[in-house]
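Let's take a friendly walk through this structure, from its pocket to its cores and then out to its loops. Keep the viewer open as you read.

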Amino acid sequence: MAELFAYTDGACSGNPGPGGWGALLIARDGDRVVKERELSGGEPGTTNNRMELLAAINALESLSRPSTITVVTDSQYVKNGVTQWIHGWKRNGWKTAAKKPVKNAELWQRLDAAQARHDVAWAWVKGHAGHPENERADALARGGMAPFK
């Protein structure tokens with residue numbers, strides 16, 4: 001049985017500014033790559049955090065059936081948000097502990113719905129550290145940003 005991974009990244013030129021997101025989906029059977037798919041997109045005026053979220057959202061929404069998947073991100077914001085902070089936000093009506101509205105709440109809600117269909121494990125890797133799949137996701141994100149620069 002193949003294991004499924006999504007390597008995700010976001011990029012922004014200026015923050016806010018033109019941004020892009022990228023996702024590399026890989027199915028592996030041991031060390032052998034069985035299938036790969038690349039996804040990317042962007043927006044003219046956005047933030048890095050929004051692009052990081054959209055990379056993970058689009059990776060999960062692209063799956064046609066419920067799957068077991070490991071999402072690998074270089075964003076502590078995404079990983080900590082989805083594995084820790086989101087539970088309190090939902091309990092507090094999408095407000096932070098300081099009673100302020102959660103930034104990017106509509107994207108967090110979309111990510112929450114997207115991951116609910118799947119069995120998702122979240123992993124973090126250091127960005128720009130030579131991790132081959134993370135570097136490819138970064139290139140996809142920069143490509144997604146290109147039309148808006």
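For sorting residues, Ala, Val, Leu, Ile, Met, Phe, Trp, Tyr, Cys and Pro count as nonpolar, Asp, Glu, Lys and Arg as charged, and the others, Gly among them, as polar. With that scheme, the lining of the largest pocket divides into eight nonpolar, four polar and five charged residues.

Before going further, please note that this is a predicted model, in which local features need pLDDT of at least 70, side-chain atom pairs count only at pLDDT 80 or more, and totals for chains, interfaces and linings use all residues. Residues are numbered from 1 along each chain as its sequence is written, and side-chain values use heavy atoms, with hydrogens and water left out.

Back to the pocket. A search on a 1 Å grid over the protein atoms alone separates a cavity, where a 1.4 Å probe fits but cannot get out, from a pocket, an open set of points with protein on both sides within 12 Å along at least five of seven lines; lining residues have an atom within 4 Å of a point. The largest pocket holds about 470 Å³ of space, where the volume is the space filled by probe spheres set on the points, and points are joined across faces, edges and corners. Its lining has 17 residues, and Leu4, Ala27, Leu63, Arg65 and Ser67 lie nearest the centre. Strands β1 (3-12), β2 (17-29) and β3 (32-46) each give at least two residues to this lining. Helices and strands here are DSSP runs numbered from the N terminus (helices H or I, at least four residues; strands E, at least two).

Next come the cores. In soluble globular proteins, nonpolar side chains tend to be buried together. A nonpolar core is a set of buried Ala, Val, Leu, Ile, Met, Phe, Trp, Tyr and Cys residues joined through side-chain atoms within 4.5 Å; buried means under 20% relative accessible area, exposed over 50%, and partly exposed in between, with a 1.4 Å probe and protein chains only. The largest core has 32 residues, of which Leu53, Leu60, Trp108, Leu111 and Trp122 touch the most other members. Two or more residues come from each of β1, β2, α1, β4 (68-73), α2 (76-91), α3 (105-116) and β5. The largest share, eight residues, is supplied by α1. A second, separate core of eight residues includes Tyr7, Ile26, Val72 and Ala137.

Select Trp122 to see its surroundings. Counting a contact as heavy atoms within 4.5 Å, and setting aside residues up to four places away in sequence, Trp122 touches Ala56, Leu60, Val71, Val78, Lys79, Val82, Thr83, Leu111 and Gln115.

Helix α1 (residues 48-61) holds Asn58, and Met51 is placed in helix α1 too. Met51 counts as buried because its relative accessibility is 0%. Beyond four places in sequence, its contacts are Asp9, Gly10, Ala11, Gly19, Gly20, Trp21, Gly42, Glu43 and Thr46. For Asn58, a polar atom of the side chain lies 2.8 Å from the backbone oxygen of Leu54.

Now look at the loop between β5 (119-124) and α4 (132-145), where Val125 lies. Val125 is buried, because its relative accessible area is 15%. Leaving out residues up to four places away in sequence, Val125 touches Val72, Thr73, Asp74, His131 and Asn134. Asn134 is found in helix α4 and counts as buried because its relative accessibility is 3%. His128 is in the loop between β5 and α4, but is exposed, because its relative accessible area is 60%.

Finally, some backbone details. Most residues other than glycine have a negative phi, and most peptide bonds are trans. His128 has a positive phi, near 55°. Lys99, not a glycine, has a positive phi of about 70°. Lys99 lies in the loop between α2 and α3 and is exposed, with a relative accessible area of 62%. Trp94 also lies in the loop between α2 and α3, but counts as buried because its relative accessibility is 18%. A cis peptide bond joins Asn15 and Pro16, with omega about 15°, and Pro16 sits in the loop between β1 and β2.

Methods. A polar contact is a pair of N or O atoms within 3.5 Å; within protein, one must be able to donate a hydrogen and the other to accept it, and residues adjacent in sequence count only if both atoms are side-chain atoms.
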